[in-house]
Amino acid sequence: MHRVAAHVALADGMAAVTAAAAIPVPARDALTRERRAHHFADLALGCLQAGRREEAVDALLDAEEQAPEEVRCRPRTRRLVDDLRLLGAGSAQGRLRALADRCGLPR
């Protein structure tokens, strides 16, 4: 299921957000922790592409809660955290800064 959202995310951020919302919670929760983390990371990318930066931070934090190493260690998610830092995340900026610190990104 997360592959569908990942492919859509590359084409259209809002479509990715919509596709992720359509996945039933029980189906999402049936995924392994790592797959759920990937789902939330894909959702974060879609939110970023759709201009919903605070929601992107929330999705990354959800991913980190599921499988911290998937967010803190993978180049793709670290790059997403860094991109969000550069663009700014409004009221989520403090939470984003803390996540960037946990990812070991330079200030």
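This is a short tour of a predicted model, stop by stop.

**Before you start**

Because the model is predicted, local features need pLDDT of at least 70 and side-chain atom pairs count only at pLDDT 80 or more, while totals for chains, interfaces and linings use all residues. Residues are numbered from 1 along each chain as its sequence is written, and side-chain values use heavy atoms, with hydrogens and water left out.

**Stop 1: the whole chain**

Show the protein chain as a cartoon. It has eight helices and zero strands. Helices (H or I, at least four residues) and strands (E, at least two) are DSSP runs, numbered from the N terminus. Read from the N terminus on, the elements run α-α-α-α-α-α-α-α. Now colour by accessibility. Of the 107 residues, 39% count as buried. Buried means under 20% relative accessible area, exposed over 50%, and partly exposed in between (1.4 Å probe, protein chains only). Contacts come next; contact means heavy atoms within 4.5 Å. Among contacts between residues at least 6 apart in sequence, 61% join residues at least 24 apart.

**Stop 2: α2 against α4**

Select residues 13-22 for helix α2 and residues 33-49 for helix α4. Their axes come within 7 Å and cross at roughly 140°. Axes are lines fitted to C-alpha atoms, for helices over the stretch in contact, and angles run from 0 to 180 degrees between N-to-C directions. α2 and α4 are therefore oblique to each other. For the angle classes, under 35 degrees counts as roughly parallel, over 145 as roughly antiparallel, 65 to 115 as roughly perpendicular and the rest as oblique. The crossing of α2 and α4 is left-handed. That term applies if the near helix is turned anticlockwise from the far one by less than a right angle; clockwise is right-handed.

Show the side chains next. From α2, G13, M14, A16, V17 and A20 meet H39, L43, G46, C47 and Q49 of α4. The residues of this contact divide into six nonpolar, four polar and no charged. Ala, Val, Leu, Ile, Met, Phe, Trp, Tyr, Cys and Pro count as nonpolar, Asp, Glu, Lys and Arg as charged, and the others, Gly among them, as polar.

**Stop 3: R28**

Select R28, in helix α3 (residues 25-29). Leaving aside residues up to four places away in sequence, R28 touches I23, R36, H39 and F40.

**Stop 4: α4 against α7**

H38, A41, D42, A44, L45 and L48 of α4 make the contact with R76, T77, L80, D83, L84 and L87 of α7. By class, there are seven nonpolar, two polar and three charged residues.

**Stop 5: α7 against α8**

Select α7 (residues 75-87) and α8 (residues 93-102). The axes come within 10 Å and cross at roughly 140°. α7 and α8 are therefore oblique to each other. Here too, the crossing is left-handed. V81, L84 and R85 of α7 contact Q93, L96, L99 and A100 of α8.

**Stop 6: two cysteines**

How many disulfides does the structure hold? Zero, counting a disulfide as a pair of cysteine sulfur atoms within 2.5 Å. Select C73 and C103. The closest cysteine sulfur to that of C73 is in C103, 8.1 Å away, too far for a bond. C73 is exposed, at 55% relative accessibility. C103 is buried, with a relative accessible area of 3%.
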